[in-house]
Amino acid sequence: MPLSSGSEAWEAFKQVHPPAPGKPIRQWIHPGWDWTYVIAGRMRLPIGEDELIVAAGDAVEFDTRVPHGFGNPGPEVLEVLCMFNPDGARLHSRAVELGETPDTTG
């Protein structure tokens, strides 16, 4: 769900993901920069050669030219606040229009 008007230098979105511990995570590469804050639950974040588990109350930021994606390893619902610069927002907004989720396999 968008939290900003889309006319700012950064765009904010809240995302809610049900637990999906065994679901493969598709990684994406695109121009831009992402900043993600975990509101509730845990986020599994493969990024490049690494994989992080990001807990509620923690944030990550990264260059989106590095392969990345995220998923919910469970057991709780994952809620995240995502902020994208214009290049990052363009990809994420377009994927939603197409009925895709740019951060996990559809």
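**Entry 1. Term and model**

A salt bridge is a side-chain nitrogen of Lys or Arg within 4 Å of a carboxyl oxygen of Asp or Glu. I wrote that down before looking for any. I also noted that the model is predicted. I looked up its confidence: the mean pLDDT of the chain is 80, and 70% of the residues reach 70 or more.

I checked where pLDDT stays under 50. One such stretch is residues 92–100, with 10 contacts beyond four places in sequence. Another is residues 102–106, with 20 contacts of that kind. Where pLDDT is low, the predicted coordinates should not be read in detail. I left both stretches there.

**Entry 2. Whole chain**

I found 1 helix and 6 strands. Along the sequence they follow the pattern β-β-β-β-β-β-α. Of the 106 residues, 39% are buried. I then looked at contacts between residues at least 6 apart in sequence, and 69% of them join residues at least 24 apart. The accessible surface comes to about 5,800 Å², with 56% of it on carbon and sulfur atoms.

**Entry 3. The sheet**

I traced an open sheet of 4 strands in the order S1-S6-S2-S5, with antiparallel pairing. Which strands stand at the edges? They are S1 (11–17) and S5 (59–63); each has a single partner strand, so one side of each lacks a neighbour in the sheet. On average, neighbouring strands here are turned by 20° against each other, direction ignored. I followed S1 to S6 (residues 78–84) and found antiparallel pairing over 7 bridges. His17 has Leu78 in S6 as its bridge partner.

**Entry 4. Salt bridges**

How many salt bridges are there by the rule above? I have 3 in my list.

- Glu79 and Lys14 meet at 3.0 Å, N to O. This pair links distant parts of the chain, since Glu79 lies in strand S6 and Lys14 in strand S1, 65 residues apart. Glu79 is partly exposed at 23% relative accessibility, and Lys14 is partly exposed at 25%.
- Arg44 and Glu51 meet at 2.9 Å, N to O. Arg44 is partly exposed, with a relative accessible area of 23%. Glu51 is partly exposed too, at 46%.
- Arg65 and Asp63 meet at 2.5 Å, N to O. Is each of these two residues buried or exposed? Arg65 has a relative accessible area of 60% and is exposed. Asp63 has 17%, so with the cut-off for buried at under 20%, Asp63 counts as buried.

Definitions and conventions:
Residues numbered from 1 in each chain as written. Heavy atoms only, no water. pLDDT = per-residue confidence, 0-100. Contact = heavy atoms within 4.5 Å. Helix = DSSP H or I, 4+ residues; strand = E, 2+ residues; numbered from the N terminus. Buried < 20%, exposed > 50% of the residue type's maximum accessible area, 1.4 Å probe, protein only. Areas by Shrake-Rupley, 256 points an atom, 1.4 Å probe, with all protein chains shown as cover. Pairing = 2+ DSSP bridges. Axes fitted to C-alpha atoms, helices over the stretch in contact; angles between N-to-C directions.
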